[in-house]
Amino acid sequence: MNHAFDGIVDRFVLASAEFERRLRAVRPEQWRLPTPCTDWSVRQLVGHMAGGNLNYVGLLRGGTKEEFLRLREADVLGDDPVGAYIRSVGECARAFARQGALDRVLDYPLGPVTGGQALAVRTADTVIHTWDLARSIEADDVLDAGLVAWVDDHLAEIYAGLAETPVSDHTTHRFFAAPDGAPDPTGSRQARLLNIMGRRP
């Protein structure tokens, strides 16, 4: 397995805990607020996160890219969004921690990837969407510095071989937002990463 993915299950759990910390701060009136992901409200963003975790488990169990895309926007939150998200994290972490899971080749929509790379993509997605959620509800938007550094250091490995990536000039940006202008070379590492990922810090 690529060394960039060493400890990836633990990184996924940490990134998910950071998202959960902001999620627990969502007040009832905030679920309908817009997010930096312009097509999604706060509830839809959380649904994307919980549903995505379950979809990755589905791929690990032999699911196809067609099933993944069909279920991508399914509402899995019900009347307990926080609980649904927490359960999805646990299920995903347990599935990828099983022996051989990180080496299995999955039928990912953007191209075949190992379980380790798939979970790395999921972890990077979780880090960025933590900022989206925090900004939406005016919570602490300073991301875990270790996670930011890991994503920033390993962008090439995380998205290697995918048909579309946030770091390719030729991507269609159907799955990843386009970079938001030229990054400020004097900005923080978090700010530069967010810029690459199409956010305006």
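Against which helices do the buried residues of α8 pack? They pack against α5, α6 and α7 (155-158), where packing rests on contact, meaning heavy atoms within 4.5 Å. This is a predicted model, in which local features need pLDDT of at least 70 and side-chain atom pairs count only at pLDDT 80 or more, while totals for chains, interfaces and linings use all residues. Residues are numbered from 1 along each chain as its sequence is written, and side-chain values use heavy atoms, with hydrogens and water left out.

**Stop 1: helix α8**

Select residues 189-196, which form helix α8. Helices (H or I, at least four residues) and strands (E, at least two) are DSSP runs, numbered from the N terminus. Within α8, Gln 190, Leu 193, Leu 194 and Asn 195 are buried. Buried means under 20% relative accessible area, exposed means over 50%, and partly exposed lies in between (1.4 Å probe, protein chains only). Next, select Gly 198, which follows α8 and has a positive phi near 85 degrees.

**Stop 2: the whole chain**

Display the entire chain, which has eight helices and two strands. Along the sequence they follow the pattern α-α-α-α-β-β-α-α-α-α. The radius of gyration is 16 Å, close to the 17 Å that the globule rule gives for 201 residues, so the chain is as compact as a globular protein of that length. This radius is taken over C-alpha atoms, and the rule is 2.2 Å times the number of residues to the power 0.38. The C-alpha trace spans about 45 × 40 × 30 Å along its principal axes. Of the 201 residues, 51% count as buried. Among contacts between residues at least 6 apart in sequence, 70% join residues at least 24 apart.

**Stop 3: helices α1 and α4**

Select α1 (residues 8-23) and α4 (residues 81-97) together. Two packed helices are described by the angle between their axes and the distance between the axes. Here the axes come within 10 Å and cross at roughly 175 degrees. That makes α1 roughly antiparallel to α4, a term for angles over 145 degrees. Axes are lines fitted to C-alpha atoms, for helices over the stretch in contact, and angles run from 0 to 180 degrees between N-to-C directions.

Show the side chains where the two helices meet: among them are Phe 12, Phe 19 and Leu 23 in α1, and Tyr 85, Val 89 and Phe 96 in α4. By class, this contact has 14 nonpolar, one polar and one charged residues. Ala, Val, Leu, Ile, Met, Phe, Trp, Tyr, Cys and Pro count as nonpolar, Asp, Glu, Lys and Arg as charged, and the others, Gly among them, as polar.

The buried residues of α1 include Ile 8, Ala 15 and Arg 22. What covers the buried residues of α1 includes α2 (42-60), α4, α5 (115-137) and α6 (145-153).

**Stop 4: two residues**

Leaving aside neighbours within four places in sequence, Phe 19 is in contact with Val 46, Met 49, Tyr 85, Thr 126, His 129, Thr 130 and Leu 133.

Finally, select Leu 54 in helix α2. Leu 54 is partly exposed, with a relative accessible area of 31%. Beyond neighbours within four places in sequence, Leu 54 is in contact with Val 76, Ser 88 and Glu 91.

How values were computed
Angles under 35 degrees count as roughly parallel, over 145 as roughly antiparallel, 65 to 115 as roughly perpendicular and the rest as oblique.
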